[in-house]
Amino acid sequence: MKLQRMNRRALALGALAVTGALALTACGSDDTGNSDGVDASATAQAGNIDCGDAKGQLQASGSSAQKNAIDAWVKQYTAACKDVQINYNPTGSGAGITAFTQGQTAFAGSDSALKPEEAEASKKVCTDGQGIDLPMVGGPIAVGFNVPGVDTIALDAPTLAKIFDNKITKWNDAAIAKLNSGVELPDLKIQAFHRSDESGTTDNFTKYLKAAAPQDWKYEPGKSWEAEGGQSAQGSSGVAQQVKQTSGAISYFELSYASDGIKTVDIKTEAAEPVKATIENATAAIGAAKVVGTGKDLALELDYTPSAEGAYPIVLVTYEIVCDKGNKADTLPATKSFLNYMASEEGQGQLADAGYAPMPQEIITKVRETVSSLS
């Protein structure tokens, strides 16, 4: 385990300098974690953090995908900046944006960039400014399944679309069997689970279905689940738990939620072989992300239909959403200080031990410049 962590850290620090790709697995549960005593690495890195005039409480909420990344950052940051208390509530991307646009939080985490109407709503709380998207981490959305006696299943976008639209209802359906020659599939009912809350993970998953299977997925992508049928659960940890305990279940969630014995689907693309949900394979697909935001907004455009060998197509980017101008005066110093640490070489390097990888150098450089200009 120690060697693996060292390798991950080396990979992360190397990626900060040379890679144009980004990837993450969003770790752990929605429960507050990593709040126990400060370890040696936290003490060692604490001296590199610029607290500035930061003090008081910093309230934030949103994406559950980045919860453990936030935990890791908070642990390091508060070891240095003892006058700041940071409370991050993993309520989901939609709820996080709502709380931000209502002035309840200093920043929000979201796995989808702001929609035009959300950016417009943010102007009510961002004096003479508006909310902007700052990408911090990204990575694969896994499709987890629970089929007793079956360890490996490959599915393509049309088949997934039909499963989640209640058009394919048995695991031994001919469409699934065709993709899994030699696999003994049981006559078992499929139990498809989706998120009950507004979620950037849902948004990205349905964007994939719409882009890769437009004939079979007739619904518009979004944070809210639009398809009929299926069952729902709260948060990534909720749907993952349903998969773990329900025979015949299938759902979508960040990769790390599959770490507790949940098997994941290999995705059939235009490549010769189905692609496994791994950080490296997500990196191969997400490396082509382009900045499409205007001004200080750094929203990215993702490729959900890669054709390269080993490119995993179902990916997301997690953003921190903050006012470009008009942040609350009492929390601005702490907001800038904490976001600056998150985007710093030390902050991005810290992600390795938490199971994440850093943003590409060209993107994170723009994030740092933008954070410095917040007012």
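Welcome! The model is predicted, with local features needing pLDDT of at least 70, side-chain atom pairs counting only at pLDDT 80 or more, and totals for chains, interfaces and linings using all residues. Residues are numbered from 1 along each chain as its sequence is written, and side-chain values use heavy atoms, leaving out hydrogens and water.

**Aromatic pairs**
- The count comes to 11 aromatic pairs, where rings of Phe, Tyr and Trp (its six-membered ring) pair if their centres lie within 6.5 Å, and planes over 60 degrees apart count as edge-to-face, under 30 as stacked and the rest as tilted.
- One of them joins Phe-164 and Trp-225 edge-to-face, at 6.0 Å centre to centre and 65 degrees between the planes.
- Phe-164 sits in helix α6 (residues 157-164) and Trp-225 in the loop between α8 (200-212) and β7 (231-233), so this pair ties together parts that are 61 residues apart in sequence.
- Trp-217 and Tyr-219 also pair edge-to-face, with 5.0 Å between centres and 65 degrees between planes.

**Aromatic cluster**
- Phe-164, Phe-205, Trp-217, Tyr-219, Trp-225 and Tyr-252 form one aromatic cluster.
- Within this group, Phe-164 is buried at 3% relative accessible area, and Trp-217 is buried at 1%.

**Helix α8**
- Helices are DSSP runs (H or I, at least four residues), numbered from the N terminus along with strands (E, at least two).
- Buried residues of α8 include Phe-205, Tyr-208 and Leu-209.

Methods: Buried < 20%, exposed > 50% of the residue type's maximum accessible area, 1.4 Å probe, protein only.
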